[in-house]
Amino acid sequence: VVHRQPSFLSLFFRIHPHRHRAAERRIRKSLTTPRRLELEKMLPLTPRYTQLAAKGTAAIGGDTAPDDLFTTYAVAATILFTLVVFLFESYLSLRQRSTYHKTQFPQELDTTVSNIDAERAKELKEEAANDKKEDAAKVEKKGDGEDGSDEKKRVDRNAPLLPQLQSKFQAAQSYGLDKVNFSLFSSAYSTVEGVFFLLAGFNPYMWDISCDLGSTYFGWTEASDEIKISLIFMACTTVIGTIMSLPFELYSTFQIERKHGFNKQTIGLFVTDKIKGLMLMAVFGGPFMALLLKIIKMGGEQFYLFVWAFTFVFSLFMMTVYPVVIMPLFNKYEPLPEGSLKDQIFSLAGRLEFPLTNLFAMDGSKRSSHSNAFMFGFFKNKRIVLYDTLMKQVRDDEILAILGHELGHWKMGHTVTNFVISQLYTGAAFFTFSLCYTSHELYRAFGFDDDSRPVPTIIALMLFFSTVWEPVDKMISYAMTVHSRKCEFEADEFSASLGYNQKLQSGLCKIHLENLGAMCPDPWYSTYHYSHPPLVERLSAMMRLDKKVK
């Protein structure tokens, strides 16, 4: 027996049903018939394509529509929330855009980096005496293959940071302005496209097309082969989404990134990457979705527990497979060459009892000149990957400082904490989904209004996460951003405690310099969007640590 809740509002009054009934009576009383008809004229209340409309029967906006508040106003409420989020995020982007028009180098960053340069100058003076002794010894060994190029590179890397940042300030402003303008346009297009698809009834239309394809070519029926038809639906919408987003990706990669000297991709490599991505989605995404739908359909009222366990196992599986199988399909990973850097990294890992088994260098320059470093692996099998671009941009001691930061995330349990949070998030989401899985008002409102047909589980999931869960997701996403920034400060402090404070500061400045990062971000924009604190905030925090130590 399928439990049909009297109204979707019962989701929020599940514990006290009498409160639900009283609340809905008050709302209905406030929406008298003339007032309701007036609202229906003002608001888009139903998709153009619905299952009943396709059969030539009155749709949910007609005379046979059920007298249910959620069914009547769900589409309008969804559009309203989408527009509110879009306007808020556009306002933040406009604030950020205004900062990119500044022509004066930010004073706070000037002061902070000047102090870093002063400290670095002191270190160089202390090293000068030792360098003279080493240079005298090297003169005797001249001809052993060194041509002086390493010395030139060393001098460039030791140059004061402030003049370099100042010289790149306008380039960073131009890069940021191009990105934020593109973001404003692409987000506006995405919002218009989403609202258009919603009002046009894209999902019910594509589902009916998928049913026709399954029936015509494979003899599948909606009642007995729902999961197979769901995979057709997933494939069709993925292809359409890829095609629709392609112009934006091409412009971002081959116009903005290339204009500012970052893109190294060719069109051939871009297309190859896209094909590989679609194939991987078919290989991993298809079976995952099929199993997920099967578990939901067979799991009973407490299916969310089985789904939770399944997603947990799948997460561990992907964390194992992704770096070993998937990443090598896109980049080349080679063991870090023997030398001082490799020895020092293993020494640092041993000092922190980090079970490092392998060090790799990745050809990140194959696609972009942006730099990075990351770790992966389980238990006693940890690996570290350095981008080849990173090793060209900073000194070895600064790489150690950056890895000290990354190892700080591991040592302080940030990685495990984030994984636990993601699993709790998944469990909460699917538990909430289980509460409204059988509330057909949600599906009827978005065009799946033929009660003689089963509601597809994949559609139930899509509508839940794009309507009911979307506001919750926005709040949790912001909370995770705040948490991430806190973790970054803690990892910086950890690296500083290892004696890398100065090196981390200079390393971060150089990475910021090479990546043309924002040097004067808007505080509201950065608070909402940045998972890492702005450069000046991180540098200031580390300088305060220096003062405490001294």
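Which residue has its charged end over the ring of Phe330? Hi everyone, let's start there. The residue is Lys276, and its charged end lies 5.6 Å from the centre of that ring. A charge sits over a ring here if NZ of Lys or CZ of Arg is within 6 Å of the ring centre and within 35 degrees of the ring normal. Arg95 does this too, with its charged end over the ring of Trp524, 4.1 Å from the centre.

A quick word on the model. It is a predicted one, where local features need pLDDT of at least 70 and side-chain atom pairs count only at pLDDT 80 or more, while totals for chains, interfaces and linings use all residues. Residues are numbered from 1 along each chain as its sequence is written, and side-chain values use heavy atoms, with hydrogens and water left out.

Now for the rings. The structure holds 34 aromatic pairs. Phe197 and Phe202 make one that is stacked, at 4.4 Å centre to centre with 10 degrees between the planes. For the cut-offs, rings of Phe, Tyr and Trp (its six-membered ring) pair if their centres lie within 6.5 Å, and planes under 30 degrees apart count as stacked, over 60 as edge-to-face and the rest as tilted. Phe197 is partly exposed at a relative accessible area of 22%, and Phe202 is buried at 17%. Buried means under 20% relative accessible area, exposed over 50%, and partly exposed in between (1.4 Å probe, protein chains only).

Please turn to Tyr425 and Trp469, an edge-to-face pair with 5.8 Å between centres and 65 degrees between planes. This pair links distant parts of the chain: Tyr425 is in helix 15 (residues 414–436) and Trp469 in helix 18 (residues 469–515), 44 residues apart. Helices (H or I, at least four residues) are DSSP runs, numbered from the N terminus. Tyr425 counts as partly exposed at 25% relative accessibility, whereas Trp469 is buried at 5%. Both belong to a cluster linked by ring pairs, together with Phe303, Phe430, Phe433, Tyr437, Phe464 and Phe465.

How do helix 15 and helix 18 pack? Their angle is about 175 degrees, and their axes are 12 Å apart. Axes are lines fitted to C-alpha atoms, for helices over the stretch in contact, and angles run from 0 to 180 degrees between N-to-C directions. The two helices are therefore roughly antiparallel, a label for angles over 145 degrees. The contact (heavy atoms within 4.5 Å) includes Ile421, Tyr425 and Ala428 of helix 15, and Trp469, Ile476 and Ala491 of helix 18. Its residues divide into 9 nonpolar, 5 polar and 2 charged. In that count, Ala, Val, Leu, Ile, Met, Phe, Trp, Tyr, Cys and Pro are nonpolar, Asp, Glu, Lys and Arg are charged, and the others, Gly among them, are polar.

Let's stay with Ala491 for a moment. This helix 18 residue is buried, with a relative accessible area of 0%. Leaving out residues up to four places away in sequence, Ala491 touches His405, His409, Met412 and His414. The C-alpha atoms of Ala491 and His405 are separated by 5.0 Å, although the two are 86 residues apart along the chain.

Ser230, in helix 9 (residues 226–259), is buried at 0%; beyond four places in sequence, Ser230 touches Trp207, Leu293 and Ile458. Arg395 sits in the loop between helix 13 (388–393) and helix 14 (396–411), and is buried at 9%. Its C-alpha atom is 9.6 Å from that of Ser506, 111 residues away along the chain. Thanks, everyone!

Conventions. Angles under 35 degrees count as roughly parallel, over 145 as roughly antiparallel, 65 to 115 as roughly perpendicular and the rest as oblique.
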